[in-house]
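The sequence and the structure come first, followed by the text.

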Amino acid sequence: LASDIWPELSTALVGLLASLPEGRGMPSLGAFAAFKNRTVRLEAIQALGRLRNPGSDLVLLGFLDDPDESLRVEAAGLLGPVSETSGILRVIDQASGPDFRKRSLKEKTAILSFLGRTRSAEALRFLAASLDRAPLWPSKRTREMRLAAVAGLAAMRTAESDAALKKGASGRGRIVREACAEALALGHADARPGPEDESHGQD
């Protein structure tokens, strides 16, 4: 029933599939990635994001290849910490290519932040290596990849990612150094106990 000819019907079908119990309609939502209608594709992305489970995240990964940058950013932002290695490696492979370097800083940050949320060893290696890539005369694209890697490492929030950020905070490039220092400071602030936590044990 779904078709680009009837976008309203297709949008309604997305909602119906997303509402099916036990996620039975979830695999079918991936088919909407091939639709030409942007509104229908966006609806499918947002529906998958609302489901928030490992299966929906794997389907959502397919939308990272969408021709519309804003939809790729939307999908990346809604992705949970996928644990399937093949999916993570596919995104790393995409982010390692020359075409990815041509994309906007916003998209690079969204994709690399998703990789950070996976907390995987593969993502850590890629993000740390991207941050370390600091030629004497860096191009704008190299700087943006490093800044996106900072965002990814900040999203990871592990001892290993903090170590990579500390290294970056003393490395080349003032803008990148400051970004690393800020990410570390924010991470430490998040780790501090709140008022309710501090009150415990003071009875």
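How are H3 and H5 oriented relative to each other, roughly parallel or roughly antiparallel? H3 and H5 are roughly parallel to each other, a label for angles under 35 degrees, while over 145 counts as roughly antiparallel, 65 to 115 as roughly perpendicular and the rest as oblique.

The model is a predicted one, in which local features need pLDDT of at least 70 and side-chain atom pairs count only at pLDDT 80 or more, whereas totals for chains, interfaces and linings use all residues. Residues are numbered from 1 along each chain as its sequence is written, and side-chain values use heavy atoms, with hydrogens and water left out.

**Overall make-up**

The protein has 13 helices and 0 strands. Helices (H or I, at least four residues) and strands (E, at least two) are DSSP runs, numbered from the N terminus. Of the 203 residues, 41% are buried; buried means under 20% relative accessible area, exposed over 50%, and partly exposed in between, with a 1.4 Å probe and protein chains only. Among contacts (heavy atoms within 4.5 Å) with a separation of 6 or more, 62% are between residues 24 or more positions apart.

**Packing of H3 and H5**

Two packed helices are described by the angle between their axes and the distance between the axes. For H3 (residues 38-51) and H5 (residues 69-78), the axes come within 9 Å and cross at roughly 10°. Axes here are lines fitted to C-alpha atoms, for helices over the stretch in contact, and angles run from 0 to 180 degrees between N-to-C directions. H3 contributes Arg38, Arg41, Leu42, Ile45, Gln46 and Gly49 to the contact, and H5 contributes Ser70, Leu71, Glu74, Ala75 and Leu78. By class, the contact holds 5 nonpolar, 3 polar and 3 charged residues. In this count Ala, Val, Leu, Ile, Met, Phe, Trp, Tyr, Cys and Pro are nonpolar, Asp, Glu, Lys and Arg are charged, and the others, Gly among them, are polar.

The largest nonpolar core has 53 residues, and Leu112 and Leu115 have the most contacts inside it. Such a core is a set of buried Ala, Val, Leu, Ile, Met, Phe, Trp, Tyr and Cys residues joined through side-chain atoms within 4.5 Å. Not counting residues up to four places away in sequence, Leu115 touches Ile88, Val91, Ile92, Ala123, Phe126, Leu127 and Met156.

Leucine 58 is in helix H4 (residues 54-61) and counts as partly exposed, at 33% relative accessibility. Leucine 58 and valine 82 are 24 residues apart in sequence, with their C-alpha atoms 7.2 Å apart in space.

**Salt bridges**

The whole structure contains 10 salt bridges, each being a side-chain nitrogen of Lys or Arg within 4 Å of a carboxyl oxygen of Asp or Glu.

| Pair | N to O distance |
|---|---|
| Glutamate 107 and arginine 72 | 2.6 Å |
| Lysine 108 and glutamate 144 | 2.9 Å |
| Aspartate 99 and lysine 102 | 3.9 Å |

Lysine 108 lies in helix H8 and glutamate 144 in helix H10 (residues 140-156), so this pair ties together parts 36 residues apart in sequence. Lysine 108 is buried at 0%, and glutamate 144 is buried at 14%. Glutamate 107 is buried at 0% relative accessibility, and arginine 72 is buried at 10%. Arg72, Arg103 and Glu107 are linked in a network of salt bridges. Aspartate 99 and lysine 102 are both exposed.
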